[in-house]
Amino acid sequence: MDQTRIKNIVIVGGGTSGWMTAAMLAKLFKKQLNITLIESDTIGTIGVGEATIPPLQIFNSVLGISEKDFIKATQATYKLGIEFENWHKNGDAYMHAFGNIGRDLGFTSFHHYWLSAQANCGQQDHSTFSAKGFWQYSLNYQAAKHNKFQPIQTIAQAQMSGITHAYHFDASLYANLLRQYSIQRGVVRVEGTITSTKLSNDGSIDSVTLLNGDCINGDLFIDCSGFSALLIEKALGVEYENWQHWLPCDSAYAVPCESTSPVIPYTKATAHDAGWQWRIPLQHRTGNGIVYSSQHMSDEQAKQHLLANLDGKPLAEPRKINFTTGRRVKQWHKNCVAIGLSSGFLEPLESTSLHLVQSAIIRLTKLFPRNGIQSHQIDEFNRQSQTEFEQIRDFIILHYHLNAKQSADGEHGLWQQCRDMDIPESLQRKIDLFKSTATVFRHQDELFTEAAWIQVMLGQGIIPSDYHPLTQAVSQVDLTDYLSNIRKVIATTVNQMPTHEAYIKKC
Ligand SMILES: Cc1cc2nc3c(=O)[nH]c(=O)nc-3n(C[C@H](O)[C@H](O)[C@H](O)COP(=O)(O)OP(=O)(O)OC[C@H]3O[C@@H](n4cnc5c(N)ncnc54)[C@H](O)[C@@H]3O)c2cc1C
């Protein structure tokens with residue numbers, strides 16, 4: 001491959017992915033790179049993507065942006081998990097709360113002890129040991145449902161972990177913050193619309209040309225152009241692997257509404273007949289959207305459903321977004337790396353897109369070419385990206401597949417279709433193992449934790465038929481004490497926490 005020193009970086013797109021990439025490369029590589037970012041005011045950004053998962057804290061901290069500054073600049077709130085309403089059956093609710101649940105004993109995860117206690121509890125204590133009772137052992141869940149928040153690392157006296165949090169934030173304010181940050185560190189911002197891309201003889205990208213005729217050359221191009229995938233697809237022809245047969249929603253309407261009090265510290269994802277609706281509480285407004293399958297719901301029905309189910313007055317007209325779930329077959333091809341929506345899109349259900357942006361940036365940084373781009377670097381980048389996308393895909397399919405919902409269109413309805421579909425073998429193995437032994441195994445770098453998988457599998461109605469034999473090493477009396485002690489510790493801790501709103505006001 002080319003032995004040229006990689007020095008001139010061109011980022012195409014100024015959405016969240018473009019500015020996150022620019023900010024991190026400028027911070028880490030300092031003056032070693034000349035970074036130019038091209039964004040089009042005429043085209044604008046997608047303007048959604050406001051719920052995150054915990055690792056974003058690390059991203060901000062590497063950039064040196066304090067939590068306090070971030071919360072102020074982006075009107076952010078804290079997020080302790082996602083509540084799934086009507087996903088298993090209408091009327092049911094459960095939460096994917098971040099962080100651990102209970103306290104493991106040795107190598108055996110907490111939920112095995114809880115299942116053992118549940119199996120032996122008799123009639124008298126059924127509320128404590130019903131499936132819903134599991135969340136009494138989640139500090140995050142209890143804090144979320146009591147509208148409390150405080151960063152707590154550990155509860156040392158009980159040897160339990162503390163609060164694990166992410167954020168809800170205004171995506172355009174975050175992009176503004178990172179734009180200022182990047183420009184201060186030498187990133188050159190060019191406003192303009194790209195009309196053509198010139199390729200070199202070896203098929204890599206030589207330059208892009210703007211509507212005003214300016215031509216911008218680069219050694220490495222980062223395609224952050226969103227769903228238009230201007231470079232990776234339109235210029236280089238890299239294919240897209242369509243996953244709609246597993247994740248059939250393909251449309252959304254988004255609309256902000258006035259915020260309501262209290263500002264809750266969790267996202268709500270409420271299933272409806274043909275998809276689901278999100279509620280993302282920010283300090284100054286609530287972000288809402290409806291995600292649906294256009295085969296099962298018309299645009300007008302979706303818009304009306306969304307507007308009829310807002311918690312406050314709408315602040316704008318609902319905006320339509322079309323998407324195709326799937327992934328770019330090669331996210332790095334030649335001298336072009338696709339980051340953000342150009343690299344693929346999974347359902348927004350578990351708020352994973354910005355995390356995928358973050359991890360692609362970290363991966364690119366780790367594999368960053370010094371003298372010329374090597375094919376081994378490209379292959380490793382693509383291998384890791386594929387694994388990551390597939391693991392997250394499986395977790396999201398789990399929510400759709402394990403449902404016991406009735407819908408008006410019966411066997412032709414979305415939920416029946418999702419129940420009946422063949423799922424990836426990797427996911428089937430996980431479900432089978434949990435059903436029969438309550439065990440969850442994750443691959444080393446897998447994003448979603450054991451606690452996350454357990455909550456969604458229990459929440460979606462799996463009752464494991466067995467649990468780990470090591471639970472039998474603890475007497476029934478000790479087991480009861482151990483569980484009641486955890487419940488007490490959590491209740492006391494939550495009781496002492498300030499309300500979410502009070503904590504934000506102090507930021
Ligand atoms: C319905 C929905 C809900 C979502 N919810 C979440 C969520 O809760 N959490 C989460 O993490 N993610 C979510 N996402 C994903 C999230 O919105 C994106 O990952 C994030 O906004 C990054 O987008 P982007 O920067 O890749 O693309 P965009 O924001 O679309 O930016 C593309 C940029 O490229 C520029 N551009 C395009 N073409 C040209 C051209 N010809 N010339 C010059 N510039 C050009 C545009 O002007 C823009 O600046 C959601 C996505 C959807 C569709």
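**View 1. An open sheet of seven strands has mixed pairing and the order β5-β4-β16-β17-β18-β15-β19.** At its edges lie β5 (93–97) and β19 (319–322), each of which pairs on one side only. Direction ignored, neighbouring strands of this sheet are turned against each other by 20° on average. Two strands are taken to pair if DSSP finds at least two bridges between them; strands (E, at least two residues) and helices (H or I, at least four residues) are DSSP runs, numbered from the N terminus. The model is a predicted one, in which local features need pLDDT of at least 70 and side-chain atom pairs count only at pLDDT 80 or more, while totals for chains, interfaces and linings use all residues. Residues are numbered from 1 along each chain as its sequence is written.

**View 2. Strands β17 (residues 275–281) and β18 (residues 286–292) run antiparallel and are joined by seven bridges.** Within this pair, Arg279 has Asn288 of β18 as its bridge partner. Strands of a sheet pair through backbone hydrogen bonds, either parallel or antiparallel.

**View 3. Helix α14 (residues 450–459) lies across β4 (81–85) and β5.** The helix runs at about 175° to β5. Axes are lines fitted to C-alpha atoms, for helices over the stretch in contact, and angles run from 0 to 180 degrees between N-to-C directions. Contact requires that the C-beta atoms of two residues, placed from the backbone, lie within 7 Å.

**View 4. Leu341 occupies the loop between β22 (336–338) and β23 (344–345).** An unreviewed UniProt entry places the feature "binding site" at Leu341 and Glu350; such annotations may be inferred rather than shown by experiment, and positions follow the numbering used here, with feature names shortened. Leu341 is buried, because 26 other C-beta atoms lie within 10 Å. A residue counts as buried with 20 or more other C-beta atoms within 10 Å of its own, as exposed with 12 or fewer, and as partly exposed in between, C-beta atoms being placed from the backbone. Not counting residues up to four places away in sequence, Leu341 touches Ile46, Gly226 and Phe227.

**View 5. Glu350 is found in the loop between β23 and α10 (353–366).** This residue, too, is part of the "binding site" feature in the UniProt record. Glu350 is buried, with 23 other C-beta atoms within 10 Å. Residues up to four places away in sequence aside, Glu350 touches Ile82, Phe395 and Ile396.
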